[in-house]
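Please look over the chain shown below. A short report on its fold, surface and selected side chains comes after it.

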Amino acid sequence: MEPLRTVEDNVRGHGRKLRRVSLAAGVALVGYTLWAVALLWLLPDALDADLLARHFDLVVSDPAALGPVLKVLLTPAFALTGLQLLLPIAMLYRLGNRFDQPTPLNRRTAAAVRRLSHSIVISLIALPMLAGVLTGLAHVIAALDGVVVDTIRSGFDSIPHFLGGLGAGIGLPVVACTCLYSLAWRIRIGADASDDARSIV
């Protein structure tokens, strides 16, 4: 007869699955980011207006005219686009590591859940702002060379479309982060209660 799995066994099993999935996603994202950066320097002929618009939300009037200075500015902007997705995946991997411990529900796991929520906030606010600054500098330098570099702007042609985009872009991450912070608090409270019970015994 197979022994009954405890809650800790189930959490550890979930942690292993979480690690595998996040590792696969992280490797794919790193590969995509390296491909994006390599396009600028190693395969400039492969750059065209459609590819830049589709993958990087950039409008470039003449991709062949991108000079070294523009490439230096766009390289970290492209890398930040990949990092924006990779940072939460890396924190998810760390959370999987914390789950796959002999005592998975402890203060360190609560801290890992908080870090995952922090990474979502950073990925949605700080990294896009930094990438926007770099793209703005590229826009100014390109204008001096007669090349148009701009970002694609969302065409919200009605209030319902605007509210839908606002909900998906801000509302859903706020809900996700609130749930994660609440979960971290619950895990920490549970871990403290468990430590108190062990100290009494």
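The report moves from the whole chain to single residues.

## Basis

This is a predicted model: local features need pLDDT of at least 70, side-chain atom pairs count only at pLDDT 80 or more, and totals for chains, interfaces and linings use all residues. Residues are numbered from 1 along each chain as its sequence is written, and side-chain values use heavy atoms, with hydrogens and water left out.

## Fold and contacts

The chain has five helices and two strands. Their order from the N terminus is α-α-β-α-α-β-α. Both kinds of element are DSSP runs, numbered from the N terminus: helices are H or I with at least four residues, strands are E with at least two.

Contact means heavy atoms within 4.5 Å. Take the contacts with a separation of 6 or more: 76% of them join residues 24 or more positions apart.

## Burial and surface

Of the 201 residues in the chain, 32% are buried. Buried means under 20% relative accessible area, exposed over 50%, and partly exposed in between (1.4 Å probe, protein chains only). The chain exposes about 12400 Å², and carbon and sulfur atoms supply 68% of that area. Areas come from the Shrake-Rupley method with a 1.4 Å probe; for residues, only the protein chains shown count as cover.

A nonpolar patch on the surface is formed by Val121, Leu124, Ile125, Met129 and Tyr181. Together they have about 440 Å² of accessible area. Nonpolar side chains (Val, Leu, Ile, Met, Phe, Trp, Tyr) are joined within 5 Å, like charges within 9 Å. Helix H4 (residues 107–144) gives the largest share, four residues. Leu124 sits in helix H4 and is partly exposed at 40% relative accessible area.

Rings of Phe, Tyr and Trp (its six-membered ring) pair if their centres lie within 6.5 Å; planes under 30 degrees apart are stacked, over 60 edge-to-face, the rest tilted. Tyr32 and Trp35 have ring centres 5.5 Å apart and planes at 35 degrees, so the pair is tilted. The two are three residues apart in helix H1 (residues 7–41), so about one helical turn separates them. Tyr32 is partly exposed at 29% relative accessibility. Trp35 is also partly exposed, at 34%.

## Helix H1: Thr33

Thr33 lies in helix H1. Thr33 is buried, because its relative accessible area is 15%. Its side chain reaches the backbone oxygen of Leu29 at 2.9 Å. Leaving out residues up to four places away in sequence, Thr33 touches Phe78, Ala79 and Gly82.

Note on methods
Patch = residues over 30% accessible without salt bridge, like charges linked within 9 Å, V, L, I, M, F, W, Y side chains within 5 Å. Salt bridge = Lys/Arg side-chain N within 4 Å of Asp/Glu carboxyl O. Polar contact = N/O pair within 3.5 Å; in protein donor to acceptor, adjacent residues only side chain to side chain.
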